[in-house]
Amino acid sequence: QVQLVESGGGLVQAGDSLRLSCACVVPERTFSGYAMGWFRQAPGKEREFVGAIRLSTGSTYYADSVKGRFTISRDNAKNTVYLQMNSLKPDDTAVYYCAADPKGGHTVAVLTPRGYDYWGQGTQVTVSS
């Protein structure tokens with residue numbers, strides 16, 4: 001059974017930084033083979049891709065809207081993935097979700113919600129102007 005728990009959201013001002021965490025409970029010794037994604041959903045909008053990491057290679061992918069401001073990292077020993085968000089903007093306001101693909105994310109589906117089998121409960125990020 002895979003469980004994902006996000007934390008680290010909050011209310012910040014434009015220009016501030018936040019770091020989200022996604023703690024993963026996964027079958028033993030399998031985490032390093034996963035792909036992990038971050039998505040966000042604002043009220044009235046579809047869930048959109050923010051970024052992803054293939055844990056086997058460390059390769060990362062980002063949406064154009066966050067490239068250069070957001071960074072995904074991982075701590076394999078803690079089964080945790082992080083989303084460092086800098087220079088936050090009001091448009092970044094959304095519920096942020098982490099997602100897991102046990103198959104490793106070896107297709108372009110890693111950039112879309114359908115590429116993931118497991119989801120966390122989400123954490124709210126609100127950026128005021």
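The questions and answers below go through one predicted protein model.

User: What kind of model is this, and how are its residues numbered?
Analyst: The model is predicted: local features need pLDDT of at least 70, side-chain atom pairs count only at pLDDT 80 or more, and totals for chains, interfaces and linings use all residues. Side-chain values use heavy atoms, with hydrogens and water left out, and residues are numbered from 1 along each chain as its sequence is written.

User: How many helices and how many strands does the protein chain have?
Analyst: Helices (H or I, at least four residues) and strands (E, at least two) are DSSP runs, numbered from the N terminus. From that end the elements run β-β-β-β-β-β-β-β-β-β-β. The counts for the protein chain are zero helices and eleven strands.

User: What radius of gyration does the protein chain have, and what would a compact globule have?
Analyst: The radius is taken over C-alpha atoms, and the globule rule is 2.2 Å times the number of residues to the power 0.38. For 129 residues a compact globule would have a radius near 14 Å, and the value for the protein chain agrees with this: 14 Å.

User: What does the C-alpha trace span along its principal axes?
Analyst: The spans are given for the C-alpha trace of the protein chain. They are about 45 × 25 × 25 Å.

User: What percentage of the residues counts as buried?
Analyst: Buried means under 20% relative accessible area, exposed over 50%, and partly exposed in between (1.4 Å probe, protein chains only). Of the 129 residues of the protein chain, the buried part is 44%.

User: What part of the contacts comes from residues 24 or more positions apart?
Analyst: A contact means heavy atoms within 4.5 Å. Among contacts in the protein chain with a separation of 6 or more, residues 24 or more positions apart account for 58%.

User: How far apart are the mean positions of the positive and negative charges?
Analyst: Lys and Arg count as positive and Asp and Glu as negative, while His and the chain ends are not counted. Each charge is placed at NZ of Lys, CZ of Arg, CG of Asp or CD of Glu. The protein chain has 13 positive and 11 negative charges, and their mean positions are apart by 4 Å.

User: Which kind of aromatic pair do Phe39 and Phe49 form?
Analyst: Rings of Phe, Tyr and Trp (its six-membered ring) pair if their centres lie within 6.5 Å; planes under 30 degrees apart count as stacked, over 60 as edge-to-face and the rest as tilted. The structure holds five aromatic pairs. In the one between Phe39 and Phe49, the centres are 5.7 Å apart and the planes are at 70°, which makes the pair edge-to-face.

User: Which strands does the pair of Phe39 and Phe49 tie together?
Analyst: Phe39 is buried at 0% relative accessible area, and Phe49 counts as buried at 14%. The two residues are ten apart in sequence. Phe39 lies in residues 35-41 and Phe49 in residues 48-54, so the strands tied together are β4 and β5.

User: How many residues apart in sequence are the parts that Phe39 and Trp119 tie together?
Analyst: Phe39 and Trp119 form a tilted pair, 5.1 Å centre to centre with 55° between the planes. Trp119 is partly exposed, at 28%. Phe39 is in strand β4 and Trp119 in strand β10 (residues 118-119), so the parts tied together are apart in sequence by 80 residues.

User: Which residues form the cluster of ring pairs?
Analyst: The cluster is linked by ring pairs. Its members are Phe39, Phe49, Tyr116 and Trp119.

User: Which residues does Ser73 touch, not counting those up to four places away in sequence?
Analyst: Ser73 is found in strand β7 (residues 70-75), and its relative accessible area of 33% makes Ser73 partly exposed. With residues up to four places away set aside, Ser73 touches Thr80, Val81 and Tyr82.

User: Where is Arg29, and what is its phi?
Analyst: Arg29 sits in the loop between β3 (18-25) and β4. Arg29 is exposed, at 79%. Although Arg29 is not a glycine, its phi is positive, at about 65°.
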